[in-house]
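Please open the structure in your viewer and keep the selection tool at hand. The stops below say what to select next and what is there.

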Amino acid sequence: MAKILFILMTILVYWLCKKLYKKYTIVIFSPLFTSLFVMVLLLLVLHIHYGNYWSGGKVMAWWLQPATVAFAVPLYKLYPTMKRHALPLSLGVVTGTGISIVSTVLLADILHLTILAPSLAPHSVTTPIAMLTSRSLHGNPTLTAVFVIITALVGVIAGPLIIQHLKIRTSLARGALLGTGAHAMGTSRAFEFGETEGSIASISMILAGILTILFAPLFVPYL
Amino acid sequence: MKRTVPIMLQLILLVSFAEIGNGIQAWLGLVIPGSLIGMALLFFTLKLHIVRLPWVEQGANFLLAELLLFFVPSATGIVQYGPLFDHDGWKIVTVIGVSTILVMTITGLIVDFGMRRKGVPE
């Protein structure tokens with residue numbers, strides 16, 4: 001019974017947060033932050049143990065699997081665009097993804113967060129893939145989910161500033177940096193620059209995710 | 001008029017691909033997650049026109065549009081880690097911040113350089 005209640009509670013909070021964002025379209029009101037904030041607050045105020053909440057929560061988390069499969073659809077639709085710009089795009093995304101993982105693990109080491117390194121390593125990519133990567137690195141997928149949110153916040157603020165200061169003028173480069181660096185949040189910001197930026201960001205996000213999950217387990221343990 | 005499959009059936013199809021992926025992963029003992037194998041399978045069956053876009057498009061759009069909803073329960077798990085963020089919060093934000101700025105700068109510069117060499121104006 002409680003299970004269904006928790007599911008309904010999550011859907012309601014999510015739905016209200018989406019409505020709020022429609023009314024006030026400011027980054028800080030993004031449902032990514034507000035729905036998480038409200039859920040945490042509800043659990044704390046109502047003294048709900050996370051383990052109990054998870055009995056219902058996992059039913060929804062399960063949908064991340066078919067959602068990952070769903071990425072095949074934009075990938076298929078954007079395939080011609082991807083093929084046209086294959087070389088610069090793949091060079092950028094491959095390097096960017098490599099830099100993300102290596103710099104994260106090294107920085108974590110320097111700041112004595114070595115134990116968190118496997119959970120931090122996939123922070124740049126889209127949540128379902130980041131969580132799967134975290135699991136295969138023996139990290140903590142829940143912490144990874146939170147790190148992905150922090151990345152989104154940093155990314156949507158830093159991305160446009162980087163574009164402005166480095167005078168990044170091609171649409172392709174703008175899309176690639178937003179999608180590789182800040183996954184879905186970066187992608188939605190990229191659509192504000194234009195249709196091309198948005199499509200390229202989607203491609204970059206998916207490619208970065210695939211690269212991360214395939215290659216991070218091969219070299220993170222040796223860093 | 002394009003014939004589309006009802007969204008519930010589309011979702012069942014997407015779930016089947018995930019489950020087939022999981023099955024293959026377990027069967028071959030792979031490290032790659034089943035859902036990623038499912039994604040590859042769907043991509044190639046679309047490319048080979050075995051699966052048609054209208055069979056899965058709406059379902060996929062729905063799942064991707066509400067991606068956040070499916071991940072709220074996992075992220076809410078942060079309630080268990082209050083002390084970690086009290087203690088190491090600024091370090092965590094530093095790692096993520098510096099690495100995100102590095103990624104964006106380098107990716108942007110490489111792609112911009114590549115595109116300008118190709119002589120693409122915008």
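How many salt bridges are counted between chain A and chain B? The model you are looking at is a predicted one, and in it the count between chain A and chain B is 2 salt bridges.

To see one of them, select Lys18(A) and Glu66(B), which form a salt bridge whose closest N and O atoms are 2.9 Å apart. In general, side chains of opposite charge can pair when their charged atoms come close. If you widen the search to the whole structure, 6 salt bridges are found over all chains. Lys18(A) lies in helix H1 of chain A, while Glu66(B) sits in the loop between helix H3 (53-65) and helix H4 (67-75) of chain B, so this pair joins two chains.

Next, display chain A and chain B together, and select the residues where they touch: 94 residues of chain A are in contact with 72 residues of chain B. The area buried between chain A and chain B is about 7,300 Å², and carbon and sulfur atoms give 81% of that area. Within chain A, select Tyr14(A), Val69(A) and Tyr76(A), which lose the most area to chain B and together account for 10% of what that side buries.

Across the interface of chain A and chain B, there are also 11 residue pairs in polar contact. Now select helix H10 (residues 141-165) of chain A, which, with 13 residues, gives the most to the side of chain A that touches chain B. Coloured by class, that side of chain A has 63 nonpolar, 26 polar and 5 charged residues.

For the last stop, select helix H1 (residues 2-23) and helix H3 (residues 50-61) of chain A, which pack at an angle of about 65° with their axes 8 Å apart. The crossing in which H1(A) passes H3(A) is right-handed. Show the side chains where they meet, including Phe6(A) and Ile7(A) in H1(A) and Tyr53(A) and Val59(A) in H3(A). The residues of this contact of H1(A) with H3(A) divide into 7 nonpolar, 4 polar and 1 charged.

Technical notes
Residues numbered from 1 in each chain as written. Chains lettered and ligands numbered in written order. Predicted model: local features only at pLDDT ≥ 70, side-chain atom pairs only at ≥ 80, totals over all residues. Heavy atoms only, no water. Contact = heavy atoms within 4.5 Å. Buried area = accessible area lost by both parts, 1.4 Å probe. Salt bridge = Lys/Arg side-chain N within 4 Å of Asp/Glu carboxyl O. Polar contact = N/O pair within 3.5 Å; in protein donor to acceptor, adjacent residues only side chain to side chain. Helix = DSSP H or I, 4+ residues; strand = E, 2+ residues; numbered from the N terminus. Nonpolar A, V, L, I, M, F, W, Y, C, P; charged D, E, K, R; others polar. Axes fitted to C-alpha atoms, helices over the stretch in contact; angles between N-to-C directions. Left-handed = near helix turned anticlockwise from the far one by under 90°.
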